[in-house]
Amino acid sequence: MKKLVSSLCAGALLLAACGSGSNAVAATLNGEDITVSDIEALIDTGDESAIEKATFAQLLGFEIQQRIITSAAEDDLGIVVSEDEIAAEADTFVEQTNTSGVSREEFLSSAGVTEEFLFEYAHQQLLIAQVREALAADVAEPTQEEIDGVMTEAEAAYCASHILVATEQEANDVLGRLEAGEDFATLATEVSTDTGSGAVGGDLGCAIAENYVPEFASALSAAEVGVPTQPVETEFGYHVILLREDEVPAEADVIEDLKATAADTATNDWFLEQVEAAEVTVTEEYGTWDSTTPQVVPPTE
């Protein structure tokens with residue numbers, strides 16, 4: 001999660017008169033209360049006197065998750081994050097994401113959150129990273145079969161770019177310009193009618209030939225690396241195709257990617273186990289707890 005709260009939140013339903021320091025119970029987690037005040041402290045309402053119910057539910061869900069992770073990380077794995085580490089992580093986050101150059105206070109206010117939320121968010125990110133590191137130590141090495149499977153898929157993929165134009169004459173003109181030394185990516189941006197790939201220099205990424213229409217797939221299979229093809233006609237027009245340099249990953253990189261994926265899966269599974277084990281009750285007027293998501297679903301009325 002690399003943003004604060006995903007668009008704090010549109011919705012017409014409001015909680016009346018927040019900022020009142022209410023000790024009313026918004027939810028209980030394993031027998032401990034989370035009060036309305038606890039959540040209000042995370043939300044910057046600006047000049048408004050009320051909080052949208054969807055926003056309150058979103059932050060209540062965040063708080064429940066945060067407390068579950070904090071408790072489980074310590075109890076399960078002995079992980080505790082210091083206040084100095086949290087403060088440093090909060091500073092780093094603001095430095096990296098406050099691209100508009102406004103003050104820290106204005107930056108948080110524009111996101112609808114407070115400094116307290118920022119610190120809780122930073123705490124959560126540190127915990128998740130340390131949990132992942134701890135669980136990664138027990139992740140099994142990928143089997144040779146898994147490694148070979150990824151390598152085989154990568155070897156079967158063609159990494160290509162193309163320039164698409166309407167007529168064969170235009171395609172031949174493109175070839176002439178390429179033979180005269182013009183850059184393929186620059187030319188694709190200038191003339192390709194496939195504006196999606198054209199915006200990135202004609203890059204189509206890497207895919208198996210069968211993902212393309214038959215005429216394109218056949219030309220791609222026969223193409224020489226680094227040499228633009230002759231015009232290829234398909235239902236979309238005429239293509240000049242460039243098969244780029246071989247981009248098959250090294251086996252060591254594949255192993256690292258497989259281990260990283262396994263660590264991510266183990267971390268997610270661990271988190272969902274902690275959520276399922278937690279006893280959560282949300283006060284009806286603030287929503288309902290959905291442990292499968294996990295989040296607080298705001299009330300409909």
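Gly-196 has a relative accessible area of 52% in this predicted model, and because the threshold for exposed is over 50%, Gly-196 counts as exposed. The residue belongs to helix α9, which covers residues 195–198. Its C-alpha atom is 39 Å from that of Glu-141, a residue 55 places away along the chain.

With a relative accessibility of 48%, Asn-30 is partly exposed. The table gathers the accessibility values.

| Residue | Relative accessible area | Class |
|---|---|---|
| Gly-196 | 52% | exposed |
| Asn-30 | 48% | partly exposed |

**Backbone geometry**

Most residues other than glycine have a negative phi, and most peptide bonds are trans. Asn-30 has a positive phi, near 50 degrees, although the residue is not glycine. The bond joining Thr-293 to Pro-294 is a cis peptide bond, and its omega is about -20 degrees. Pro-294 sits in the loop between β10 (288–290) and β11 (295–297).

**Helix packing against α11**

How do the axes of α6 and α11 cross? The axes of helix α6 (residues 144–155) and helix α11 (residues 251–277) come within 10 Å of one another, and the crossing angle is roughly 115 degrees. The two helices are therefore roughly perpendicular. The crossing of α6 with α11 is right-handed. On the α6 side, the contact involves Gln-144, Glu-146, Ile-147, Val-150 and Met-151, while α11 contributes Glu-251, Val-254, Ile-255 and Leu-258. By class, the residues of this contact comprise six nonpolar, one polar and two charged.

Helix α5 also packs with α11, at an angle of about 115 degrees and with the axes 9 Å apart. This crossing, too, is right-handed. From α5, the residues Ile-128, Val-131, Arg-132, Leu-135 and Ala-136 take part, and they meet Ala-260, Ala-263, Asp-264, Ala-266, Thr-267 and Trp-270 of α11. Eight of the residues in the contact of α5 with α11 are nonpolar, one is polar and two are charged.

In soluble globular proteins, nonpolar side chains tend to be buried together. Here the largest nonpolar core holds 45 residues, and those with the most contacts inside it are Phe-56, Leu-60, Ile-64 and Val-282. At least two residues of this core come from each of β2 (25–29), α1 (36–40), α2 (53–77), α3 (83–97), α4 (104–111), α5 (115–136), α11 and β9 (280–282). Which element supplies the largest share of this core? That element is α2, with ten residues.

Leaving aside residues up to four places away in sequence, Leu-60 touches Ala-26, Ala-27, Ile-34, Ile-39, Val-282, Tyr-286 and Val-296. One of these partners, Val-282, is itself listed with Leu-60 among the residues that have the most contacts inside the core.

Methods:
Residues numbered from 1 in each chain as written. Predicted model: local features only at pLDDT ≥ 70, side-chain atom pairs only at ≥ 80, totals over all residues. Heavy atoms only, no water. Axes fitted to C-alpha atoms, helices over the stretch in contact; angles between N-to-C directions. Helix = DSSP H or I, 4+ residues; strand = E, 2+ residues; numbered from the N terminus. Parallel < 35°, antiparallel > 145°, perpendicular 65-115°, else oblique. Left-handed = near helix turned anticlockwise from the far one by under 90°. Contact = heavy atoms within 4.5 Å. Nonpolar A, V, L, I, M, F, W, Y, C, P; charged D, E, K, R; others polar. Core = buried A, V, L, I, M, F, W, Y, C linked by side-chain atoms within 4.5 Å. Buried < 20%, exposed > 50% of the residue type's maximum accessible area, 1.4 Å probe, protein only.
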